[in-house]
Amino acid sequence: MTTQALATAEGLVKAPLIHKGKVRELYDLGEHLLIVVTDRISAFDYVLDPPVPGKGSVLNGLSAHWFELTSSVQPNHVVHTDVSLLGDIVSEPEKLAGRIMVSRKAQRVDIECVVRGYITGGGWRQYQASGEVNGIPLPQGLHKNSKLEQPIFTPAGKNDVGHDEDIPFEEMARRVGTELAEALRDRSLKLYEFGRDYCAKRGIILADCKFEFGLIDGEIILIDELFTPDSSRFWAEENYKLDVEIDSMDKEPVRAYLAGSDWDKNSPPPPLPATVVEATTSRYNDIYRRLAE
């Protein structure tokens, strides 16, 4: 799925740009939103140069694949992903082919709905400190990367600036109401189980993931992206071990390069070498092949 890298769709879309995230750009089409997934890549809260060719197409293609697969489990925001239907709203449509999603507008619920099936990353750090994750007590004696007996729901409050904030379920219920909090928890767990079982058949472990939801006329709608390398932690089954840092199937070459460099993480990072960009493109293409082809 490699293509020429796209750093931005600005200048290609004749509609107001209403949000520019690290990777996605949102344009206002009136009744609907146009989401363009660029090839920008971020790490340690910085957007890096150069963009990674094909990354946006992989993210958009995987999300479209998963939204279709799960539509009977959970309604979502997708209207279509066909750039030709946009007509003269888009100039040079070939540059945006495969990387657009036209979506229904929803009122975003400001909670990251995180589900963990394995104890690793930030969840492992919480467990080491307290024996709990987001206030949920876990059995003693777990190892890093241990599979949990049952997946756990560990929400985070969304912050538009800085990192999202891990919160206990009770705090989520206080913020959005108990009924909505319980519905989002139950739907998140059901989606995780669907994704976990699908991935397992393809030799991939879905360690954890996050979902975003919105409301349209009171109906809960799944929005943003779904089971992509940017929103999920995928491990190849053959790499699974306890007590190690498992190489995840995403932008690991970028993180490894930056971690091994003399970059201070407090100033704009240096450009990525071509070998790192190529390795990252290969990672994203590989996960797409294994999950969607």
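Author: Buried means under 20% relative accessible area, exposed means over 50%, and partly exposed lies in between, with a 1.4 Å probe and protein chains only. Helices (H or I, at least four residues) and strands (E, at least two) are DSSP runs, numbered from the N terminus. The model is predicted, so local features need pLDDT of at least 70 and side-chain atom pairs count only at pLDDT 80 or more, while totals for chains, interfaces and linings use all residues. Residues are numbered from 1 along each chain as its sequence is written, and side-chain values use heavy atoms, with hydrogens and water left out.

The open sheet has five strands in the order S1-S2-S3-S7-S6, paired antiparallel; two strands pair if DSSP finds at least two bridges between them. Strand S1 (17-20) and strand S6 (78-80) are at the edges with a single partner strand each, so one side of each has no neighbour in the sheet. From one strand to the next, the twist averages 30°.

Strand S7 (residues 100-104) is joined to S6 by two bridges, and the two run antiparallel. In this pair, Val78 stands opposite Ser103. S7 is also antiparallel to S3, to which five bridges join it, and here Ile35 stands opposite Met101. Four of the five residues of S7 are buried, so the strand is mostly covered.

Helix H1 (residues 55-70) lies across strand S2 (24-28), strand S3 (32-37), S6 and S7. It runs at about 45° to S7; axes are lines fitted to C-alpha atoms, for helices over the stretch in contact, and angles run from 0 to 180 degrees between N-to-C directions. Contact means heavy atoms within 4.5 Å.

In helix H5 (residues 252-259), the residues Glu252, Pro253, Val254 and Leu258 are buried. The buried residues of H5 pack against strand S4 (41-43), strand S5 (46-48) and helix H6 (274-292).

Now the interior. A nonpolar core is a set of buried Ala, Val, Leu, Ile, Met, Phe, Trp, Tyr and Cys residues joined through side-chain atoms within 4.5 Å. The largest one has 49 residues, and Met172, Phe211, Phe234 and Leu291 have the most contacts inside it. Helix H4 (residues 178-200) gives the largest share, eight residues. Domain 1 (7-105) and domain 2 (107-239) both contribute, so this core lies between them; the domain bounds come from an automatic or database domain assignment. Another core, of 14 residues, lies apart from it and includes Leu6, Val90, Leu96 and Val102.

Phe234 has contacts beyond its neighbours within four places in sequence, among them Cys199, Phe227, Met249, Ile287 and Leu291. Glu112, in strand S9 (residues 111-119), is buried, with a relative accessible area of 3%. Not counting residues up to four places away in sequence, Glu112 touches Pro155, Ala156, Lys158, Asp164, Lys210, Phe211 and Glu212.

The whole structure has zero disulfides, a disulfide being a pair of cysteine sulfur atoms within 2.5 Å. The sulfur of Cys113 is 10 Å from the closest cysteine sulfur, that of Cys209, which is too far for a bond. Cys199 is in no disulfide either, as the nearest cysteine sulfur, also in Cys209, is 9.0 Å away. Cys113 is buried, with a relative accessible area of 1%, and Cys199 is buried at 0%.
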